[in-house]
Amino acid sequence: MLESFPAGGPRGSWPAEEFAQARRLEGLPAEVVMDLATDMFLVIVRSGDGADAAA
């Protein structure tokens, strides 16, 4: 996991998506997933073995 963001952000604000896009521009295959247990958006980079990688 690279970063986490609360799901209840201001209307029209997508901080997790913006963060992930910035990482993609740096060459990381970042993606956003939802952690329902914590109600957070997580920005992750998946490793080649199918597990999430901490970069």
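Is phenylalanine 5 buried or exposed? In this predicted model, where local features need pLDDT of at least 70, side-chain atom pairs count only at pLDDT 80 or more, and totals for chains, interfaces and linings use all residues, phenylalanine 5 comes out as buried, at 15% relative accessibility. Buried here means under 20% relative accessible area, exposed means over 50%, and partly exposed is in between (1.4 Å probe, protein chains only). Residues are numbered from 1 along each chain as its sequence is written, and side-chain values use heavy atoms, with hydrogens and water left out.

Now for the rings. Rings of Phe, Tyr and Trp (its six-membered ring) pair if their centres lie within 6.5 Å, and planes under 30 degrees apart count as stacked, over 60 as edge-to-face and the rest as tilted. That rule gives 1 aromatic pair. Phenylalanine 5 and phenylalanine 19 have ring centres 5.7 Å apart and planes at 55 degrees, so the pair is tilted. It ties together distant parts of the chain, with phenylalanine 5 in strand S1 (residues 3-6) and phenylalanine 19 in helix H1 (residues 15-25), 14 residues apart. Helices (H or I, at least four residues) and strands (E, at least two) are DSSP runs, numbered from the N terminus. Phenylalanine 19 is partly exposed, at 22% relative accessibility.

Further along, strands S2 (residues 30-35) and S3 (residues 40-46) run antiparallel, joined by 6 bridges; strands pair if DSSP finds at least two bridges between them. Alanine 30 has valine 45 as its bridge partner in S3. The two strands form a hairpin with 4 residues between them, and aspartate 39 in the turn has a positive phi of about 60 degrees.
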